[in-house]
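Biologist: I've got a model open and I'd like to learn how to read it. Can we go through it together?

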Amino acid sequence: MDTTFEVEDRGLQYVGASRIEGPLVVVERIRDVGYDEVVEILDAAGHPRLGRVLDVSGNQAVIQVLEGTTGLSNKTLHTRFLGESFRVPVSRQMLGRVFDGLGRPADGGSPPLSADRRDVNGMPINPYARRYPREFIQTGLSAIDGMNALVRGQKLPVFSGNGLPHDRVSAQIIRQACLLEEEVKFSIVFAAMGVKHDVAEFFIRNLRDSGALSRAIMFFSLADAPSVERLLTPRVALTMAEYLAFDCGQHVLVLLTDMTNYCESLREVGTARGEIPGRKGYPGYLYSDLASIYERAGRIEGSPGSITQMAILTMPADDISHPVPDLTGYITEGQIVLDRDLFQRGIYPPIAGLPSLSRLMKDGVGKGYTRDDHPILASQLFACYAYVKRVRGLADVIGEGELSSLDRQYLEFGEAFETRFLKQDEYENRSIETTLNLGWDVLSTLPRDELHRVSDALLEKYYHESEGTPVHEAPPQGSVSG
Amino acid sequence: MTVTGTMESAATRISGPIVTASGMYAAQMYEVVQVGSLGLVGEVVRLVGDYATIQVYEDTTMLKPGAPVRCTGVPLSVWLGPGLVGNIYDGIQRPLPGIQASSGAWIRRGEKVDPLDTERRWTFEPLVRSGEVVTAGQAIGQVAETPLVNHLIMVPPDVSGTIQSIVDKGDYRLIDRLAVVETTMGMRDLTMVQQWPVRVPRPIRERLRITEPLITGQRIIDTFFPIGKGGAAAIPGGFGTGKTITQHQLAKWSNADIVVFIGCGERGNEMTEVLREFPELKDPRSGRPLMERTILIANTSNMPVAAREVSIYTGITLAEYYRDMGLSVAVFADSTSRWAEALRELAARLEEMPAEEGFPASLPTRLAQFYERGGTVTTLGGTQASVSIVGAVSPPGGDFSEPVTQHTRRFVRCFWALDTELANARHYPSIHWLHSYSEYVEDVGPWWKKEAPDWVDLRTEALTLLQREERLQQIVKLVGPDVLPDGQRLVLFIAEIMKDGFLAQSSFDENDMYCTPERQVALLRIILTLYHRGRDLIEGGVPLARIRSLGCVPQILRAKSAFSNTELEKLTELAQRITEETEALAKEFTKEAT
Ligand SMILES: Nc1ncnc2c1ncn2[C@@H]1O[C@H](COP(=O)(O)OP(=O)(O)OP(=O)(O)O)[C@@H](O)[C@H]1O
Ligand SMILES: [Mg+2]
């Protein structure tokens, strides 16, 4: 049917729609409507729902309803175009509070009073104006600090799977993250997309227990909220984060969970628009869309603040080549991968040794940052652990007994690495010194000649024959180690 | 830029970066238009009746039907002249420092900044006199753009005639008239700056065969899978396998005269890293800062997608311009997959029929056109010059069977396949020695022969050894290494040394990041010497275990980082040591035998 319109005291209002499908509403005979403009749609009972314009031509607008189309009817819905793109208020007073996925109070408090309202899409940071991130953040977790170190201003996601302890790991990181020299605490911006209430509660409890609640702002679009709303939640959260970081000069840690849910909402809208689907039905622009979220991290010239981003996502069927983790990995500066096998063997945090990577680590560790031996130690641990994986594969085939003595030593090293270096208590906060020394302890279970990547000078300083390790005199038989 | 066009041209539909406008009967394909009151820059990509479809290079939020659309009458073009080197541009050649000066840390829409500084004065030195006949591409003068780049001011490709007048040596601005040429079409003023449409290749006199390698200082590339000057290479790999780092390494150490690095749909911080690092790093040949020969194009992943599509053309056009001066230019595009995805996204918005995996059917043609703009040529000016192209490819899930990797393969002759397993094991560069290839080996063989007569033999022997190792590993996986005779286990042992001591090369190690051709050959020779000696020893009854525990083995493994490029004598000493130790071992066993 055609749209008619009536002028109200609150502006032009259109009545009726020509089509409603999935999250989309098509309104005809519109005038003066902008692309991406915010829309308020009133249902028959007069309750408003927010939406935005996805496509506009001479007399027709395609509107994405963020709060779902349930109960809307072609005849009765009213549409008002609000004359601007989606904006949210930002202010320091919002710290310590809880909001819904579109930035409206969800804690019973009053809406934030601020004249400063910002477009949630933000603007691209000029690469020329970026400052390269390089301050090491100590998370107190050896697997991260020692081998995949995080720096301030980095975007480092957690790739997890259903039932794996990504929430506990990220809560521990939030609790413990600190810089070596400064006493500055992170402000925390938390965005939950499509997760259950108990997850939200878990994080609130954790923040409260560690006294961080007053430094945190939370945006919840939980599992029972309309799924399309989630498309705005990370953007609302990042708009707030940018304000805190670059206007107020704070160091902000942004936690986004769960990006897989976000991507599913995007897929839903794409399907409803009849777009040509890409891999696994996700839209072809998923990469660009995710980049518009993940790239909102870092540091800029002229501001002391920073945004460090940790996005959690669950890999469907633990498949790292699934489009969501795959495209995320192509955008972020590394990834922390949780491993089901380690977890089942009782190792917490179950951070996978090989697929995890921090790309900015090279610029934030070593001499002048952590300790001179840090980069080489990490590189040698990776190399040896990679060899352990090969030996384990071989042992599965020919049996452990048939391995050379050197290969058996590698197995012992692997065991030590996992149970002493990786494994730690949920409330154990290790200093970087402790982590590095522990790294040398486990490396020292291997013969000195095996540590090719370490220079003689460093070996002299840090390698120590650990007691109980067979001293390696006779050259090994039949090993192919490298 | 002059703005013409009719009053009644106006937007009728806005869908993301795609805008339809009516009243566009005078518009031409690929003409630049300005949309809306902010004058957002766009390009006409389709004409139907008096409707034009426009792809807009900036965010279209709150653009409304009815917004004015102005035609400029010119296709999307770049400015070519002194001041390009050392600069960083977005995809449509807006200088990012200029944008920062006017809009701060964030890129606001509708920013208009000239690509080159029109006020700055450059010292121009004429190379021709009035009365002389000049032809297209000929240099009429030169400007020292940076201590590394002697910038030739050339007659534009569509001009030739007699010099009527030319200025004396002195300081001039880009737009000052330097010379007047009398052509058959009348008088033409020449300045320091030319404009050229990015989608049109700049003309050349003829294409030449490739004869010289682009030396990159990366062992696995130069020794195993060399790229020729004027060649094209693809570097495909899943996320985190090392495409960007490898390209950065090449941009730093290649013996090209000019480097154009195009960050196409990738991370902002990676461009920042180049900006921060290159001015500090010294070119190993001239000792000058690398930034003095580098041009950056940055269309990061969060910048508008249409500008990502065009950034590739912007970059290659700048490269061709420097090639025309007789220079050897290397272009790095990271990542061509993001460019292809931009094509796909725009095609979908244009409701074109998709071919494979949603990509437009024109994908292979577009890729071919891009890689064809590289090559070794005789320029219009008559000198030999080249554009080499290295394109990163980011296949979804790291699976090389997807369209962009597959089609790219058809148009490049050098394929550096990155391997996720190697990257996970922190073996960098993770270029897989068995899955990669270079068709330039024959072309550059003669060059290497002069450098090292045994290059071809060393290379062949090393690759054969690695292939044998692969086959033996299949057996080892089933039954363990113990069943193999020592002769075969020696192959496994030497292959490990080859991987750790030669193929793996750290970008972060002072001594290792750049390896001169001489040192590459010396290292490889050392490893193969150990192999040959080891073979003899094993034939003489020496157990492999004794060879493994020779004192020289850890030294060989550390040689790449223990010594610098200028300490070749240390490698000679090491070779000597191998000889001594193996000879001693041989003696010991002949004694035992007697
Ligand atoms: N030659 C090298 N030496 C040392 N480290 C390397 C080398 N190559 C790669 N790396 C390591 O691998 C990481 C990832 O490399 P890089 O950023 O180049 O990957 P990429 O293939 O470009 O990934 P993406 O497709 O996600 O952009 C680097 O941060 C670095 O830690
Ligand atoms: Mg990269």
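Biologist: How many residues of domain 1 of chain A are in contact with domain 2 of chain A?

Modeller: In this predicted model, 15 residues of domain 1 of chain A touch 13 residues of domain 2 of chain A. The domain assignment puts domain 1 at 13-85 and domain 2 at 89-364, with a domain 3 at 374-480.

Biologist: What area is buried between domain 1 and domain 2 of chain A?

Modeller: The size of an interface is often given as the accessible area lost when the parts come together. Here, domain 1 and domain 2 of chain A bury about 1,200 Å² between them, and carbon and sulfur atoms give 56% of that. On the domain 1 side, Pro23(A), Leu66(A) and Glu67(A) lose the most area, together 38% of what that side buries.

Biologist: And how many salt bridges cross the interface of domain 1 and domain 2 of chain A?

Modeller: The rule finds 3 salt bridges there, plus 5 residue pairs in polar contact. As for strands, strand 6 (48-57), strand 7 (60-65) and strand 8 (78-85) of chain A each supply at least two residues to the domain 1 side. Strand 6 of chain A gives the most, with 4 residues.

Biologist: What is the mean pLDDT of chain A?

Modeller: For chain A the mean is 90, and 94% of its residues reach 70 or more. Still, over residues 468-482 of chain A the pLDDT is below 50, though that stretch has 41 contacts in the model beyond near neighbours in sequence. Where pLDDT is low, the predicted coordinates should not be read in detail.

Conventions. Residues numbered from 1 in each chain as written. Chains lettered and ligands numbered in written order. Predicted model: local features only at pLDDT ≥ 70, side-chain atom pairs only at ≥ 80, totals over all residues. Heavy atoms only, no water. pLDDT = per-residue confidence, 0-100. Contact = heavy atoms within 4.5 Å. Domains from an automatic or database assignment. Buried area = accessible area lost by both parts, 1.4 Å probe. Salt bridge = Lys/Arg side-chain N within 4 Å of Asp/Glu carboxyl O. Polar contact = N/O pair within 3.5 Å; in protein donor to acceptor, adjacent residues only side chain to side chain.
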